[in-house]
Amino acid sequence: MKQKEVLEINESQEQIERIREILGSFRLPAYGEIPDVGLYLEQVTRFINQSLGDFPDMQATPSMISNYVKLKMVSRPVKKMYSREQIASLLFIVLAKTVLSMDNIRKVFAMMGEEAGMEAGYEYFRKCMEAALVSFSEEKSASGKRNMLDYTASAVAYKMYLNLYFDGLRDGAESEVE
């Protein structure tokens, strides 16, 4: 094997190990760890972005948060202050919008409300997220490039499943109205 090939393999292994380390150590704040003293918009934005610090494509801006309020994805702040429940909702939105449409996120919130509420729904999501990330960090495989194809295929398949699932919910609701 040429020296350049060996160097590329080592760099690739180092990159995979770094990814595993980041994923294995990532933790969403538990519901009880989310501030409940009431945070202003800038403080909420900072809290969310610090919580998701290793993932720059999953960040919030004040205008995004204001838009979620305008879209009624999150209730209006009281005296410009956001509660723990609102912040948990915003954390979920910032993560989920990478794979779900806003309409489908609304459906998730509706299901959470029917089942057990935001606290229980957020905690369930948080624990599932951590378990999924730990499974990535513990996986041992020789080929990082092959894993990326496997993970891409899995992500696309899960997204297809979710779209069909939520379309079925919509179709079911439409047939109930008829």
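Thr61 sits in the loop between helix 2 and helix 3, where helices (H or I, at least four residues) and strands (E, at least two) are DSSP runs numbered from the N terminus. With a relative accessible area of 33%, Thr61 is partly exposed; buried means under 20% relative accessible area, exposed over 50%, and partly exposed in between (1.4 Å probe, protein chains only). Its C-alpha atom is separated by 8.7 Å from that of Arg46, 15 residues apart along the chain. The model is a predicted one, in which local features need pLDDT of at least 70 and side-chain atom pairs count only at pLDDT 80 or more, while totals for chains, interfaces and linings use all residues. Residues are numbered from 1 along each chain as its sequence is written, and side-chain values use heavy atoms, with hydrogens and water left out.

As for the overall layout, the chain has 7 helices and 0 strands, which reads as α-α-α-α-α-α-α along the sequence. Of its 178 residues, 33% count as buried. Contact here means heavy atoms within 4.5 Å. Among contacts in the chain with a separation of 6 or more, 68% come from residues 24 or more positions apart.

Helix 2 and helix 3 pack at an angle of about 110 degrees, and their axes are 9 Å apart. Axes are lines fitted to C-alpha atoms, for helices over the stretch in contact, and angles run from 0 to 180 degrees between N-to-C directions. The two helices are therefore roughly perpendicular to each other, given that angles under 35 degrees count as roughly parallel, over 145 as roughly antiparallel, 65 to 115 as roughly perpendicular and the rest as oblique. Helix 2 brings Leu41, Glu42, Val44, Thr45 and Ile48 to the contact, and helix 3 brings Pro62, Ile65 and Ser66. Sorted by class, that contact of helix 2 with helix 3 has 5 nonpolar, 2 polar and 1 charged residues. In this sorting, Ala, Val, Leu, Ile, Met, Phe, Trp, Tyr, Cys and Pro count as nonpolar, Asp, Glu, Lys and Arg as charged, and the others, Gly among them, as polar.

Helix 2 (residues 41-51) also packs with helix 4 (residues 84-96), at an angle of about 50 degrees and with the axes 11 Å apart. That makes helix 2 oblique to helix 4. The crossing is right-handed; a crossing is left-handed if the near helix is turned anticlockwise from the far one by less than a right angle, and right-handed if clockwise. Here Val44, Phe47, Ile48 and Ser51 of helix 2 meet Ile87, Leu90, Leu91 and Val94 of helix 4. By class, this contact of helix 2 with helix 4 has 7 nonpolar, 1 polar and no charged residues.

So what is buried in helix 2? The buried residues are Val44, Thr45, Phe47, Ile48, Asn49 and Ser51, and helix 3 and helix 4 are included in what covers them. Asn49 counts as buried at 16% relative accessibility. Leaving aside neighbours within four places in sequence, Asn49 is in contact with Gln59 and Ala60. Gln59 is also touched by Met64, as is Lys97, not counting residues up to four places away in sequence. Met64 lies in helix 3 and is buried, with a relative accessible area of 19%. The C-alpha atoms of Met64 and Val94, 30 residues apart along the chain, are separated by 9.3 Å.

The largest nonpolar core has 39 residues, of which Val44, Ile48, Leu52, Leu90, Leu91, Ile105 and Tyr122 touch the most other members. A nonpolar core is a set of buried Ala, Val, Leu, Ile, Met, Phe, Trp, Tyr and Cys residues joined through side-chain atoms within 4.5 Å. Helix 4 gives the most to this core, with 9 residues. Tyr122 touches Leu28, Pro29, Ala30, Tyr31, Ile34, Ala88, Leu91 and Met112, not counting residues up to four places away in sequence.

Finally, the loop between helix 3 and helix 4 holds Lys72 and Lys80. Phi of Lys72 is near 65 degrees, a positive value in a residue other than glycine, and Lys80 has a positive phi of about 65 degrees although it is not a glycine. Lys72 is exposed, with a relative accessible area of 71%, and Lys80 is exposed at 65%.
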